[in-house]
Amino acid sequence: MTTPTERDANGRFIKNEADSTEINHGADDMHPVSKILFGWVENKRTPLALLVLVIVVCVGLFAVDVFHHRHEYLHFAEATGFYALWGFGAFALAVLSGWPLGKLLRRSEDYYGEADTVPNDVEDKQ
Amino acid sequence: MTSLLSQINPGLLLIVVGFIGCLVPVQRVRQAMMVATPVIGVIMLALADRGTSLAVANVMGIDLILYKVDSLNFIFGLAFLIASFLNAIYALHTDDRLQDGMALAYAGAAVAATFAGDLMTLFIFWEITAVSSVFLILRAGTKAAYQASMRYLGIQVLSGVLLLDGLAYVYKANGTLTLDTLGSFTSFDDPGAKFIFAAFAIKAAFPFLHNWLQDAYPKATVVGAVVLSAFTTKLAVYAFARMFPGFEILIWIGAFMTVFPVFFAVIENDLRKVLSYSLNNQLGFMICAIGIGTPLAINGAAAHAFAHIIYKGLLFMSVGAVLYRVGTAKASELGGLYKSMPWTTLFCIIGAVSISAFPLFSGFVAKSMTMSAVATEGYVIVWAMLLFASAGVLEHSGIKIPYFTFFGHDSGKRVKEAPFNMLLAMGIASFICIAIALPAFVPGFGYNWLYDMLPCTATAPADVCLASGKEIKVYEPYTFDHILTQMQLLMLAVLAFMLLKRFGLYPPERPGTILDTDWLYRKPGYGLAKWCGTVWGKVGPTMTGVAGGISGKAFDRLEGVFSPQGRLARGGLTSSMAMWSAVLLGVVMLVVLIAR
């Protein structure tokens with residue numbers, strides 16, 4: 001962090017944009033709070049570890065269903081693993097349908113004339 | 001003073017202060033007004049008596065009930081006031097008189113309409129919501145926003161006109177416009193029911209009437225989209241709950257509404273548009289619940305609306321903060337922003353898990369009532385559709401929004417964290433998302449706080465709760481089975497995401513325009529109108545020429561015969577006229593003679 005050199009009329013240092021950016025990010029390009037909250041994301045093993053964790057949780061949830069009989073208003077939902085399979089299937093269906101639907105419905109960005117432009121109240125325009 | 005405050009519809013105060021705010025040039029003074037007014041509104045609402053008409057005006061023989069609070073509209077009005085407060089904080093970094101003022105007036109119109117005790121008052125504020133909100137789109141200042149705002153305004157005004165039509169029929173049949181027990185419809189054969197249903201359907205963005213929402217909201221200003229997400233559609237949900245509870249068609253419309261946006265949200269690249277589709281999907285749950293119409297379902301719709309206003313606003317705020325800093329909200333251009341916007345990331349994740357209905361977050365305690373009510377009434381297919389949609393919500397709002405914005409492929413964009421006021425608004429919204437969902441360790445807090453405000457409670461049930469004849473029961477969200485099934489649904493869906501991503505089966509985010517049914521009026525419809533215009537432009541003058549020629553000739557002929565210089569006026573007329581008169585007289589006398 002550099003020390004600001006400009007002072008205002010009252011003698012206080014004026015922080016400029018670049019300074020505050022640097023305060024935010026430091027030398028290694030990451031917000032200090034990010035390091036605390038999301039530093040673990042940076043680890044190369046994280047994706048695999050997360051996948052393993054989620055699989056373990058899912059197997060656990062499924063196992064509970066095997067040993068525990070649920071009471072439902074709709075009886076077919078009492079089948080073992082009904083919610084688990086429905087969730088997996090519904091999600092996969094929604095995502096995979098994106099392939100054909102994208103081909104069918106996607107057009108160029110300026111299909112309706114002028115492409116959606118950025119509103120005037122974003123930082124760069126002010 | 002207290003009694004005066006309790007007699008005024010808080011929405012009116014918001015509208016008046018909003019309009020004054022448009023004229024206040026000093027930014028800090030204006031913003032102080034914008035933040036303070038909703039707080040005063042909440043105090044006014046807390047002071048108001050329930051169940052009585054608090055402000056009545058007689059205009060042209062019609063009693064306008066300007067302010068009437070009951071247990072159905074209380075929760076909607078409170079949610080609107082909270083949203084208005086959060087929006088004012090979220091807008092503090094901007095200096096836009098018109099936007100500040102109109103945002104407050106728009107919120108005020110929604111609040112005032114919610115507490116309207118008759119249809120005419122509802123209509124007046126219904127129209128003010130349309131007119132004031134259009135500025136939030138216009139202020140984006142782009143050509144696309146201008147065009148979208150005009151389409152938006154046209155459709156919103158159409159809704160108002162239909163409502164006016166409907167209320168005219170109601171007035172003619174009933175002689176009153178009061179919205180009480182008699183005010184709700186029992187079937188579509190009731191006078192005006194179809195018109196009013198159509199008016200509400202437009203504002204609630206029913207399937208095929210939904211395009212104004214996905215068209216306009218993503219083109220609004222950063223602040224505008226946050227403001228817009230809260231009011232119009234939930235006002236329509238309230239209106240349906242008030243006037244059409246238990247209409248079976250709403251169950252099916254609602255179920256369809258939850259499902260179809262899922263598919264659009266998957267392929268859409270503009271994240272504000274994804275959120276607009278998600279908004280549609282959430283409205284589906286509420287509409288479905290109103291169609292079921294049992295006390296549990298009405299509670300589900302109201303609780304869902306309250307929770308939804310907060311978490312949807314939160315999601316729009318987080319995407320808005322990204323748009324504000326980065327200059328785009330397109331998934332294909334974002335990614336890796338957790339490095340520079342950690343707080344925004346955290347709040348976005350809280351919004352995402354809330355809308356996905358993970359236990360301990362607001363969606364869980366709200367949406368489950370609707371699911372339970374649908375299952376209890378035995379609507380198997382509808383229930384399955386809602387369950388599918390629940391997994392769909394997780395896909396587009398729970399995972400797609402935070403993942404592609406803040407994680408995923410690193411876009412290399414390094415920006416500053418969102419301005420403090422934005423973070424504050426998101427922080428409060430996040431707090432509410434969690435606070436109203438926690439198990440009620442202390443009675444009156446946690447989800448109990450939300451449940452105690454619901455319309456159908458044993459102590460003071462709203463009229464609509466009694467209509468179905470079903471018993472009002474206490475709902476318990478945190479049962480072992482419920483937590484288990486919800487976690488199974490969501491975690492397996494998360495697993496599906498991870499596997500699809502790992503095996504490269506997840507469709508990549510691509511820039512583009514996704515066609516929806518608005519294609520019909522924006523391409524062929526517009527083309528037809530343009531073609532008609534061109535044809536008329538060419539045919540019109542020709543037709544005028546031909547018609548002018550024909551009528552000119554006819555006039556010349558008539559003038560040639562009958563004018564003072566015409567043929568009949570020339571010599572010989574007098575004698576022949578006298579003779580013909582004598583002949584006619586003779587014929588008449590002959591007829592009279594024979595007839596007698």
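Student: Which residue stands opposite Thr513(B) in β3(B)?
Tutor: That's Arg107(A). Bear in mind that this is a predicted model.

Student: OK, and how do β1(A) and β3(B) run, parallel or antiparallel?
Tutor: Antiparallel, with two bridges joining β1(A) to β3(B), residues 513–514 of chain B.

Student: Zooming out, how many residues of each chain are in contact?
Tutor: On the chain A side there are 57, and they touch 72 residues of chain B.

Student: Which elements of chain A supply at least two residues each?
Tutor: The helices are α1 (17–25), α2 (32–42), α3 (46–67), α4 (82–96) and α5 (98–105), and the strand β1 (106–107) is on the list too. α4(A) gives the largest share, 11 residues.

Student: What's the class make-up of that side of chain A?
Tutor: You get 32 nonpolar residues, 14 polar and 11 charged.

Student: Switching to chain B: at what angle do α7 and α8 cross?
Tutor: Roughly 155°, and the axes of α7 (residues 143–174) and α8 (residues 193–203) come within 7 Å. Angles over 145 degrees count as roughly antiparallel, so that's what α7(B) is relative to α8(B).

Student: Left-handed or right-handed crossing?
Tutor: Left-handed, as α7(B) passes α8(B).

Student: Which residues meet there?
Tutor: From α7(B), the set includes Ile155(B), Leu158(B), Leu162(B) and Tyr169(B), while α8(B) brings residues including Phe195(B), Ile196(B), Ala199(B) and Lys203(B). By class, the residues of this contact split into 10 nonpolar, two polar and two charged.

Note on methods:
Residues numbered from 1 in each chain as written. Chains lettered and ligands numbered in written order. Predicted model: local features only at pLDDT ≥ 70, side-chain atom pairs only at ≥ 80, totals over all residues. Axes fitted to C-alpha atoms, helices over the stretch in contact; angles between N-to-C directions. Helix = DSSP H or I, 4+ residues; strand = E, 2+ residues; numbered from the N terminus. Parallel < 35°, antiparallel > 145°, perpendicular 65-115°, else oblique. Left-handed = near helix turned anticlockwise from the far one by under 90°. Contact = placed C-beta atoms within 7 Å. Nonpolar A, V, L, I, M, F, W, Y, C, P; charged D, E, K, R; others polar. Pairing = 2+ DSSP bridges.
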